[in-house]
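Subject: Structure handover

Hello,

My notes on it follow below.

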Protein chains: 2
Amino acid sequence: MALGWSCALLPAFAADPLLERARLHFDPLPDHPPDRPANPVTPEKVRLGKTLFFDPRISRSQAVSCHTCHNLSLWGVDRQETSIGHAWQRGPRNAPTVLNAVFNLAQFWDGRARDLAEQAGVPIQSPLEMAASKAYVVQVLSSMPGYLRLFREAFPGEADPVTFRNATLAIEAFEATLLTPGAPFDRFLQGDPDALTPEQRKGLALFMDKGCAACHMSLNVGGNGYYQFGVADAPPAGVCPSTDPGREAVVETITCEFVFKAPSLRNVAMTPPYFHSGKVWDLHTAVAIMGSAQLGLRLAPGEVTLVTRFLESLTGRPPVVTLPELPPATDRTPPPAP
Amino acid sequence: MALGWSCALLPAFAADPLLERARLHFDPLPDHPPDRPANPVTPEKVRLGKTLFFDPRISRSQAVSCHTCHNLSLWGVDRQETSIGHAWQRGPRNAPTVLNAVFNLAQFWDGRARDLAEQAGVPIQSPLEMAASKAYVVQVLSSMPGYLRLFREAFPGEADPVTFRNATLAIEAFEATLLTPGAPFDRFLQGDPDALTPEQRKGLALFMDKGCAACHMSLNVGGNGYYQFGVADAPPAGVCPSTDPGREAVVETITCEFVFKAPSLRNVAMTPPYFHSGKVWDLHTAVAIMGSAQLGLRLAPGEVTLVTRFLESLTGRPPVVTLPELPPATDRTPPPAP
């Protein structure tokens, strides 16, 4: 009987050619952070990193935190074309989500940060964003015994654990836990043929047939390569502004403009607006632009809809996050600067 | 034996005259919201209210939420002299904490809002804060099926539950749950004579002897009356700016300037800066100013320290808050306005 059941299931399973094909391109998202020997994810480091992530006091105004632009109630983004930072200044690019970002090959639209720790240090010091300095952050954190305790626990054995570098390593460890497993597409990849609707299956087939999966593949359905935006056809006016050269500004050997990291499409239906410019609010429109700009295809409206339905199957379960209680300030903690 | 035990305890208990005296002035904080027949606190209303509290999309920029200034990781305040709102404008007064605010006799420094629901509607519409309008909020919320569901559950039986008024009632219900019971002073009032340190006991005695408890009394150790700031002596320059008349602007029959609600002192050690101007960062300094301005007393430095130690015993357990997942926007949801 057991054998009979097994035989009855396996052929049906093996007989789904769409699933077999999808497995060549994609992997399901794990529900735990990857092993990263350079910065192991320990509960103590995650606790410190979460506290730092929510703490506006490490910004110059003491009013902007990582969470301001990477709002975990809003799928790790801020629903702004480009983010609002210190003194209501606008950044130059749309804020990418922190969710699943640990699986990207590098961070920022132009990949200029090797990992999440390097990334975390940049907005804190950017005059447009948190407008602080390394010295200021260390001064603020060192003024609070509560932080000293958290750093000691997160970096045991270090004589002087309250450093800017350790702060960013802790933020990286926290962010590495911000995963969204359990999307319908993940359940499909794990062998449940009914996890996708008939429309989503057609959309997935189109996604592979038309060439989308050439850049948006693997674990994060993207986030693992750099490509010129507009390689086949120029995107609509404003969507790829001429003022932003992209990765050319980071890597000298790139000789064409407008090269950007292909973003992860996980939870993409939840994170408008789209593209590095944040100029497109509607996912259908974004899909149609990708078809023409990247693939030289004028996708039929029905095809755009089917691909969009497939992209909706990439929405997973967001992490449950309890607000940290931030360590109390002391009379050595500097007041906010104007 | 049971009788003997009881007799042994009671005399010790009754023999703490400080406790007996304190009980004439103060009540311990409950761990559950008060019964409010006009707006019963139901789990469904709390759920909706919490979602609204964290949602920046009901502001004009879609970047400012209730939580921006009433940060629940920072004891319900923002650690700013006066809050930063829409387009980085500064409000005129220091943001009071939402924690335990349900027990205040009215809301705002000048008491111009009768309750938390009335209060919640004001910053949403203030051009300095969230800069939205009632119609805009209803438009935003009505665009999301997820909100429609939350409103229907919170206000069952209503034909058209998505209203601005219901949004503020739900926020009130959520805020009514934001209590901080279990402070050392509460445990003292509940009969544990060891809950206060010897210094805190002396500070409590001074607090009553000197007259502080005349205005800061009852459940919230304040928050239940209006008094002129500087009735005995002018506060230091800038602490009570001449540009802010206080409650005079709200109630015509008040004929003296600078009348404000005496704030609750619960968790006061965690919520600098102090006074409606937010000009004082150090709690010792605030206590000394209160002594001279309100009581006409030049408190000795040792007395100031003892009263401060007592105020530190008013720090309770902050509520544990899990971030809500905000309902997804749709193509009918307006994008942020500049």
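What covers the buried residues of H3(B)? The cover includes helix H4 (66-69), helix H6 (134-142), helix H7 (145-154) and helix H8 (164-176) of chain B.

First, the conventions. This is a predicted model, in which local features need pLDDT of at least 70 and side-chain atom pairs count only at pLDDT 80 or more, while totals for chains, interfaces and linings use all residues. Residues are numbered from 1 along each chain as its sequence is written, chains are lettered from A and ligands numbered from 1 in the order in which they are written, and side-chain values use heavy atoms, with hydrogens and water left out.

Helix H3 of chain B

Helices (H or I, at least four residues) and strands (E, at least two) are DSSP runs, numbered from the N terminus. Buried means under 20% relative accessible area, exposed over 50%, and partly exposed in between (1.4 Å probe, protein chains only). In helix H3 (residues 43-53) of chain B, 8 of the 11 residues are buried, so the helix is largely enclosed by the rest of the structure. The buried residues are B:Lys45, B:Val46, B:Leu48, B:Gly49, B:Lys50, B:Thr51, B:Leu52 and B:Phe53.

Nonpolar cores

A nonpolar core is a set of buried Ala, Val, Leu, Ile, Met, Phe, Trp, Tyr and Cys residues joined through side-chain atoms within 4.5 Å. The largest has 82 residues, and A:Leu72 and B:Leu72 touch the most other members. Leaving aside neighbours within four places in sequence, B:Leu72 is in contact (heavy atoms within 4.5 Å) with residues including B:Phe53, B:Phe174 and A:Leu323. Apart from this core lies another, of 40 residues, among them A:Leu19, A:Leu206, A:Ala213 and A:Leu265.

The interface

Chain B and chain A each bring 37 residues to their contact. The buried area, meaning the accessible area (1.4 Å probe) that two parts lose on being put together, summed over both, is about 2900 Å², and carbon and sulfur atoms give 63% of that. B:Arg79, B:Trp88 and B:Leu323 supply 25% of the area that chain B buries against chain A, more than any other three residues.

How many salt bridges cross this interface? The rule, a side-chain nitrogen of Lys or Arg within 4 Å of a carboxyl oxygen of Asp or Glu, finds 0 between chain B and chain A.

Salt bridges

Over all chains, the count comes to 28 salt bridges.

- A:Asp209 and A:Arg21 meet at 2.9 Å, N to O. A:Asp209 lies in helix H10 (residues 198-209) and A:Arg21 in helix H2 (residues 17-25), so the pair ties together parts that are 188 residues apart in sequence. A:Arg21 is partly exposed, at 31% relative accessible area.
- A:Arg36 and A:Glu172 meet at 2.8 Å, N to O. A:Arg36 is in the loop between H2 and helix H3 (43-53) and A:Glu172 in helix H8 (residues 164-176), 136 residues apart. A:Arg36 counts as partly exposed at 23% relative accessibility, whereas A:Glu172 counts as buried at 3%.
- A:Arg266 pairs with A:Asp186, the closest N and O atoms being 2.9 Å apart. A:Arg266 is buried at 3% relative accessibility, and A:Asp186 is buried at 0%.

A:Arg93, A:Asp110, A:Arg112 and A:Asp244 are linked in a network of salt bridges.

Regards
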